[in-house]
Amino acid sequence: GFFKIFSRGEIYDLDVSAMSLPFTFSGGTNMMSFNDLVNGTFAVFENGLLLDVELYNVGEYKTGYDFVAYENLNGELLLYKNEETVKLTNFSANYWDVKDNIVLWEENSFMYTMYEDQKVEVARYTPADYKMKNGVIAFRNIMGGVSAFIDGKVHEITNQMESEYTIHGNSVLVELFNKSYIVYQNGKKYTL
């Protein structure tokens with residue numbers, strides 16, 4: 001029932017859990033978030049310190065590279081980063097996700113992300129599917145093809161419907177129906 005963190009060669013006492021109250025956490029890079037069962041707070045572990053972010057336990061939370069996204073008791077989506085909390089939306093996000101250095105959410109049927117600490121619109125619709133990795137968001141565009149949010153801008157890669165896509169590094173690879181490929185890399189499209 002004792003939980004500990006091993007970070008940068010040190011072991012830190014984290015929390016104690018009774019069998020009836022399971023301890024859950026979300027680990028990212030250089031940070032971990034959890035509902036502190038002893039103090040009843042929402043806390044993070046970063047730089048060897050345990051810090052309370054909220055004075056109460058929260059519902060859903062996800063940790064990325066040096067940040068935590070979470071929903072407060074009012075259903076608002078917030079971002080904790082560099083010991084500061086920023087409200088991402090005043091509305092309940094219909095869905096939201098965190099991967100690597102990306103937070104993505106849907107609000108009033110629009111999709112948003114944070115880019116260089118600014119809220120940025122990714123799409124004016126809810127994509128049927130998406131993938132995130134390494135600061136890239138690839139998603140099914142409104143025509144059924146593939147678009148990607150890279151370096152703060154949305155780029156249309158193809159409008160060919162039902163194309164398969166993957167992210168490799170900061171590039172997007174799209175496989176077309178005829179087994180040809182499009183690679184979007186460094187602002188250019190390459191057809192193979």
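Okay, ground rules. Residues are numbered from 1 along each chain as its sequence is written, and side-chain values use heavy atoms, with hydrogens and water left out. Since we're on a predicted model, local features need pLDDT of at least 70 and side-chain atom pairs count only at pLDDT 80 or more, while totals for chains, interfaces and linings use all residues.

Confidence, then. pLDDT is the predictor's confidence in each residue, from 0 to 100; the protein averages 91, and 96% of the residues score at least 70. Strands here are DSSP runs of E, at least two residues, numbered from the N terminus. Strand 2 (residues 10-16) has the lowest confidence, with a mean of 78, and strand 16 the highest, at 98.

Strands pair if DSSP finds at least two bridges between them. Four of them make an open sheet, order 3-4-5-6, with antiparallel pairing. Strand 3 (25-27) and strand 6 (49-54) sit at the edges with a single partner strand each, so one side of each has no neighbour in the sheet. Strand 3 is joined to strand 4 (residues 31-36) by 3 bridges, and Gly-27 has Met-32 as its bridge partner. Between strand 5 (residues 41-46) and strand 6 there are 5 bridges, with Val-44 partnered by Leu-51. In that hairpin, 2 residues lie between the strands, and Asn-47 takes a positive phi near 50 degrees.

Now, strand 16. Is it buried or exposed? Buried means under 20% relative accessible area, and 5 of its 5 residues are buried, so the rest of the structure largely encloses it. Val-136, Ala-138 and Arg-140 point one way, Ile-137 and Phe-139 the other. Strand 16 pairs antiparallel with strand 15 (residues 130-133) over 4 bridges, and with strand 17 over 4 bridges too. Phe-139 stands opposite Ser-147 in strand 17.

Last, the largest pocket, at about 340 Å³. A pocket is an open set of points on a 1 Å grid over the protein atoms alone, where a 1.4 Å probe fits, with protein on both sides within 12 Å along at least five of seven lines; lining residues have an atom within 4 Å of a point. Volume is the space filled by probe spheres set on those points. Of the 20 lining residues, those closest to the centre are Asn-101, Ile-102, Met-114, Tyr-115 and Glu-116. Strand 13 gives the largest share, 3 residues.

Terms used:
Buried means under 20% relative accessible area, exposed over 50%, partly exposed in between (1.4 Å probe, protein chains only).
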